[in-house]
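Here's a quick briefing to read alongside the model. Have the sequence and the 3D view open and follow along, topic by topic.

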Amino acid sequence: MARKSLREQSLEQALQQMERDKARLERRLAGLEEKLSTTLDGTGLRLWQLEVPSGKLTIFNYRWGRMLGYQPGELNAHFDVWREHLHPEDRDEVLANLNDHLEGRTEVYQVVHRMLARDGSITWVADRGRVVERDEHGNALRLLGTHTDISHEKDYESRLNALASTDALTGLANRQAINSWHQRPLADDSALIFIDLDGFKQVNDQFGHRAGDEVLVLVAHGLNDELHRLGIHHHLSARFGGDEFLFQLPRMSLPRVEHIARRWLERFAHPLEISGGLGRIGLSIGICFGRDADNRFGLALERADQAMYRVKHHGKHGFRVHAPVECSASAYQACDFQASNLEAPGSRLPSWLHPGPAPVSQSPPRQQAASAGTKPVDTKPADTERGDSVSADSESAEARAKEER
């Protein structure tokens, strides 16, 4: 066997050295990639690269797949796979932002969006990228970017918003939350219900503020409990302030909302067990439908409030439903539900549980307020409310007609 020449031996040694150097560089590269992946995983960043012509997606750390509920190797890294996991409500916005950057209309691709995991859960991500290579015609070839899992931040933000818009005592929405209700039109068949407690000040004076707080909690829970018993769950409920509550009930008919009002009045027709004894309160309820307020929340709130005050001046613990201005007294009887006087013994039942029609006030609110020495309620002269279906005699109808004029 012929001996290798010195040149051949030199070349062979150089090749072996190159192979050793290559192996060393590969080990070093793998170590650097491992460190990079660990560092990125520690910060929550996922580094990705998109080869635009082919759609090949390279993920430099594996938590992207795990974030979506997949094990390494289960999820093909491709643009189409990523697009399929975009939340349907965010997909158009995300793709529009990406296309704007690829076309050169924006300096950077940046958007916050949701992704759907394998089990249907949602992950919020902050996605950011930039084109790092284009061809001679300016077409994007390579896009490099990161996305960060911000689900914890979004959850924290959601909880902060909930705290800011929740009444700490009752757990209902507060005035700040009600401000957001103004931004949406009120549907024709949505009923806005304004409730003011009767006798709450007396409970506070007699038993103290702690007992008053108990009453507010019992009322808040009781009102919602009755709605849940009736199968009503998709509604808005809020503590308007002090001893006032506000409810927005969707898809309501007049008989349905009247039935709800009666259930509430029946529930609170008897004293409440609180610290120190029994607290007697009542509910004055004003109701206005969206169709009777030009679908404006603010106007419906004003008219529900006016209807509530009419109940206050007709004996309390009852309800009235606002009727549109164009409907005269002949079209709508201005009747209201009125329960027993709150000063009566606790054994007495509400008037609507007795046989025969419930009593209807014989004099307009302004006359009653004057005889009682109280300030009359400022209501629109042409305003009419309707309530529980009760026959009114001619004297009552005449008094209401005078009031309407």
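**A strand tucked inside**

Let's start with strand β12 (residues 318-323): 6 of its 6 residues are buried, so the strand is largely enclosed by the rest of the structure. Keep in mind that this is a predicted model. The protein chain has 405 residues, and 43% of them count as buried.

- β12 pairs with strand β11 (residues 282-289) in the parallel sense, over 4 bridges.

- Strand β3 (residues 109-116) and strand β4 (residues 122-134) run antiparallel and pair over 8 bridges.
- Within that pairing, Val112 has Ala126 of β4 as its bridge partner.
- The hairpin of β3 and β4 has 5 residues between the strands, and Gly120 there takes a positive phi near 90 degrees.
- β4 also pairs with strand β5 (residues 140-149), again antiparallel, through 9 bridges.
- Here Glu133 has Arg142 in β5 as its bridge partner.
- The hairpin of β4 and β5 has 5 residues between the strands too, and Gly138 takes a positive phi near 85 degrees.

**Helix residues: one out, one in**

- Buried or exposed: which is Leu163? With 65% relative accessibility, Leu163 counts as exposed because the cut-off for exposed is over 50%.
- Leu163 sits in helix α5 (residues 151-164).
- Together with Tyr156 and Leu160, Leu163 forms a nonpolar patch on the surface, with about 350 Å² of accessible area between the three.
- Asn224, in helix α8 (residues 209-229), counts as buried at 10% relative accessibility.
- What does Asn224 touch, leaving out residues up to four places away in sequence? The contacts are Leu172, His235, Ser237 and Phe247.

**The whole chain**

- The protein chain holds 12 helices and 14 strands.
- Among contacts with a separation of 6 or more, 63% are between residues 24 or more positions apart.
- The accessible surface comes to about 22500 Å², and carbon and sulfur atoms account for 50% of it.

Terms used:
Residues are numbered from 1 along each chain as its sequence is written. This is a predicted model: local features need pLDDT of at least 70, side-chain atom pairs count only at pLDDT 80 or more; totals for chains, interfaces and linings use all residues. Side-chain values use heavy atoms; hydrogens and water are left out. Patches are made of residues with over 30% relative accessible area and no salt bridge: like charges are joined within 9 Å, nonpolar side chains (Val, Leu, Ile, Met, Phe, Trp, Tyr) within 5 Å. Accessible areas come from the Shrake-Rupley method with a 1.4 Å probe; for residues, only the protein chains shown count as cover. A salt bridge is a side-chain nitrogen of Lys or Arg within 4 Å of a carboxyl oxygen of Asp or Glu. Helices (H or I, at least four residues) and strands (E, at least two) are DSSP runs, numbered from the N terminus. Buried means under 20% relative accessible area, exposed over 50%, partly exposed in between (1.4 Å probe, protein chains only). Two strands pair if DSSP finds at least two bridges between them. Contact means heavy atoms within 4.5 Å.
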